[in-house]
Each structure stands twice: as structure tokens, then as C-alpha cells.
Amino acid sequence: MAPAPRPEVFAAIAHPLRRQILDLLVEEDRPVNAIASQFPISRPAVSQHLRVLLDAGLVAEQRHGRERRYRLVPEELAEIHRWLSHYEH
């Protein structure tokens, strides 16, 4: 059996808004303002969700001048898939 992914990864994907953010980032890298414009919550609230995803290693942040761009880091999700595949029998 594959080792279980880190608990913070499960916690990060537990929230539906964070899963929606990951869905956006599958399409392309995005600046925080473009991500925030997709949700009916404040930009600071979206930034807090992005921080959880960053801490879990699911997204990476890169600064371009004053702008922060986020991209998906799918490796941790692959770990979840490998772990779950054990139960697909």
C-alpha cells in the first residue's frame, strides 16, 4: 500500500472553494485578482484559501512585479490518487 499523503493535503482539498481554485489553475496559471474575480468573496478571503493550498504544496506562487501568479503543482494530487488506488479493487 502506498503511504498516505500528508494530512494538510486532505485538509486543503476538503473545502469546495479550494477545489474550485484548483479547477481554475488546471486551465492556466492565474494572478490572484483573476482568481478572486471568479468567487463571491473578498480578495483577502481568496488569498487565505490560496495560502492553505500553498502550505499543502498544491499550488506555487511566483511574483511578477507587484502581481502574484499561482500555478497548480499536481504532484501532491498524484500522491492522493496513488493512495486511493489501493481501495479501487
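Two strands are taken as paired if DSSP finds at least two bridges between them. Helices (H or I, at least four residues) and strands (E, at least two) are DSSP runs, numbered from the N terminus. The model is predicted: local features need pLDDT of at least 70 and side-chain atom pairs pLDDT 80 or more, while totals for chains, interfaces and linings use all residues. Residues are numbered from 1 along each chain as its sequence is written, and side-chain values use heavy atoms, without hydrogens and water.

View 1. The strands are arranged in the order 1-3-2 with antiparallel pairing. Strand 1 (30–31) and strand 2 (59–64) each have a single partner strand, so one side of each is left without a neighbour in the sheet. Two bridges join strand 1 to strand 3, and Arg30 stands opposite Tyr70 in strand 3.

**View 2. The buried side of helix 2.** Leu17, Arg18, Ile21, Leu22, Leu24 and Leu25 of helix 2 are buried (under 20% relative accessible area, 1.4 Å probe, protein chains only; exposed is over 50%, partly exposed in between). These residues lie on the same side of helix 2, because they cover an arc of only 160° around the axis, taken from the directions from the helix axis to the C-beta atoms. Val26 and Glu27, on the other side of helix 2, are exposed.

**View 3. The largest nonpolar core.** This core, a set of buried Ala, Val, Leu, Ile, Met, Phe, Trp, Tyr and Cys residues joined through side-chain atoms within 4.5 Å, has 22 residues. Helix 2 supplies its largest share, five residues. Leu50 touches (heavy atoms within 4.5 Å) Ile21, Val32, Ile35, Val59 and Tyr70, not counting residues up to four places away in sequence.
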